[in-house]
Amino acid sequence: MGLSAALLLAACGDDDDTASDTTVPAETTVAAPGATTAPSSVETTAPTPVETTEPAPAEPTGSPLVVAALVDVTGPLAGSQAYAPDILQAWADHVNGNGGLNGHPVEIEVFDTKADGAVSQAAVDEIVDLDPELIYLASSSSESAIAESLGQTGIPIVGIGYNPGVWGGNIEAFKLACSTEPGAPVGCALPNAFTITTTFGAVVDEQVLGAIAAGATKVATAACSEIDSCSQAAPVFDATATALGIDNAGLSKVSASAPDYTAECINWIQDGVDFIQLSTSGEVGARLFADCADQGYEGIFGASAGTVSGDLIKVDGITLAGGLNAFPWWVDDAPVVEFRDVVEAAGVSEEGWQNPNATGTWSVMQLWAKALSNTDLTADDEITKVESLAAMYTIEDETLDGLISPVTFTEGQRASHRPCFWPYKLEGGEFTALVGGLQYQCYPPEA
């Protein structure tokens, strides 16, 4: 298994319409320039409030646009990906309640890939027969198994993932750009994949940068021992740490079935480690924190992407830091407030939307909506995968009002490597965006 299989290390551990009362102002007389207006002795009465109601958006009347969602809803590595259907449906309901996309309603069809390659391939076969206008993919454990089949569909693909053979990548530490050659250590994005979240190996680099931004001085990695891919990106982590001049205590493999992690914790403390990168499940991460705290460890734990979610971020007393592959959900910039308003109104649980898989999902769907809005397609037009694919190539230097780093898609070219991320820190139960609001960081820095 090559470097391209290592992605699970770094990133996985698994306007509403309201009626408003407005007051019509009393009639006034405007004085001529230079003149004064005498006070009136005429008794006036308060104006009568007039209730006005904004017109409701027109109902979408075009043919439905189908989004086929390939998601690890269940399975051992589902994690926060399991909530993707909730985010997708909340987004679709919001869109449909505001006139649809170009006058067309959106329908979401979910296929549970169960973190299983064979199940995922069967789902792809069903999707080919369904012939949707868009494929959403959030199946990090099986996306590599279905990459070739997905590339042959001709349907635009958006989503959240890390496998270079689907989303593309680049390893800065080893100066390895993506290649379409068979067996290349870093693959390029599928020709019909439209990548906007952080790609491999920037999902590794972001953890080292996040550690430095959080004030760490010596790092170590705790990787699951059950799955080889948990530790296979360790060389990238080590090389980036060396390049950035931060001390590194190296890799320790930990088993989910171990009774405790006391020995590992003692070693890290004796080595002066103050940042432990978690390349394992959130459950194991929580146990590591408890055991290390018992031994007096007061440092930081590193978590990125899908692991920044669920029970791990709710552990009392834990300090987490690293990078997010999609925008931070807690900041108060307007487009983030819209996201929160929509998912909360839809009844999505906090666990379901307080994670970068949720914000990444929102971003990719908003980008598709933006692409279609760039066209002159209307409710009277038939929109198929052909039109949907063509629309994606209208995206140029798009940021979605700050939700994503600028992205451009050009017909005939693969989606480019995405080396930008959002450094964060969780301390005392509060999240902080380390570079402020929706500002992001890139490695290497943007020119």
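User: Which backbone oxygen does the side chain of Arg418 reach at 2.9 Å?

Analyst: That of Pro406. The model is predicted, and the distance is computed from its coordinates.

User: Where is Arg418 found in the chain, and what is its nearest side chain of opposite charge?

Analyst: Arg418 is in the loop between helix 13 (385-392) and strand 14 (420-427). The nearest side chain of opposite charge is that of Glu446, 7.6 Å away. A salt bridge needs the charged atoms within 4 Å, so Arg418, although buried, has none.

User: Which residues is Arg418 in contact with, leaving aside its neighbours within four places in sequence?

Analyst: The contacts include Thr195, Ile196, Thr197, Thr198, Thr199 and Ala202, together with Ile404, Ser405, Pro406 and Val407.

User: How should I read peptide bonds and phi angles, and which peptide bond is cis at Gly201?

Analyst: Most residues other than glycine have a negative phi, and most peptide bonds are trans. Here the bond from Phe200 to Gly201 is cis, with omega near -5°. Gly201 sits in the loop between strand 8 (176-177) and helix 6 (202-213). The bond from Tyr443 to Pro444 is also cis, with omega near -5°, and Pro444 belongs to the segment after strand 16 (441-442).

User: Where do Ala115 and Asp131 lie, and what is the phi of each?

Analyst: Ala115 has a positive phi of about 55° without being a glycine; its place is the loop between strand 4 (106-112) and helix 3 (117-130). Asp131 likewise has a positive phi of about 55° and is not a glycine. Asp131 is in the loop between helix 3 and strand 5 (134-138), and is partly exposed, with a relative accessible area of 38%. A glycine case is Gly245, which follows helix 7 and has a positive phi near 75°.

User: Which residues of helix 7 are buried?

Analyst: An α-helix has 3.6 residues a turn, so residues three or four places apart point the same way. In helix 7 (residues 234-243), the buried residues are Ala234, Val236, Phe237, Ala239, Thr240 and Ala241.

User: How many residues are in the largest nonpolar core?

Analyst: In soluble globular proteins, nonpolar side chains tend to be buried together. The largest core here has 101 residues, of which Trp91, Tyr136, Phe301, Met365, Trp368 and Phe409 touch the most other members. Helix 12 (residues 356-373) gives the largest share of this core, 9 residues. Apart from this core lies another of 17 residues, among them Ala68, Val124, Ile155 and Trp167. Across the chain of 447 residues, 51% count as buried.

User: Is Ser80 buried or exposed, and which side chain does it meet in a polar contact?

Analyst: Buried means under 20% relative accessible area; Ser80, at 6%, is therefore buried. Ser80 is located in the loop between strand 3 (65-71) and helix 2 (84-96). Its side chain is joined to that of Asn357 by a polar contact of 2.7 Å. Leaving aside neighbours within four places in sequence, Ser80 is in contact with Gly306, Ser309, Asn355 and Asn357.

Note on methods
Residues numbered from 1 in each chain as written. Predicted model: local features only at pLDDT ≥ 70, side-chain atom pairs only at ≥ 80, totals over all residues. Heavy atoms only, no water. Helix = DSSP H or I, 4+ residues; strand = E, 2+ residues; numbered from the N terminus. Buried < 20%, exposed > 50% of the residue type's maximum accessible area, 1.4 Å probe, protein only. Lys, Arg positive; Asp, Glu negative; His and termini not counted. Polar contact = N/O pair within 3.5 Å; in protein donor to acceptor, adjacent residues only side chain to side chain. Contact = heavy atoms within 4.5 Å. Core = buried A, V, L, I, M, F, W, Y, C linked by side-chain atoms within 4.5 Å.
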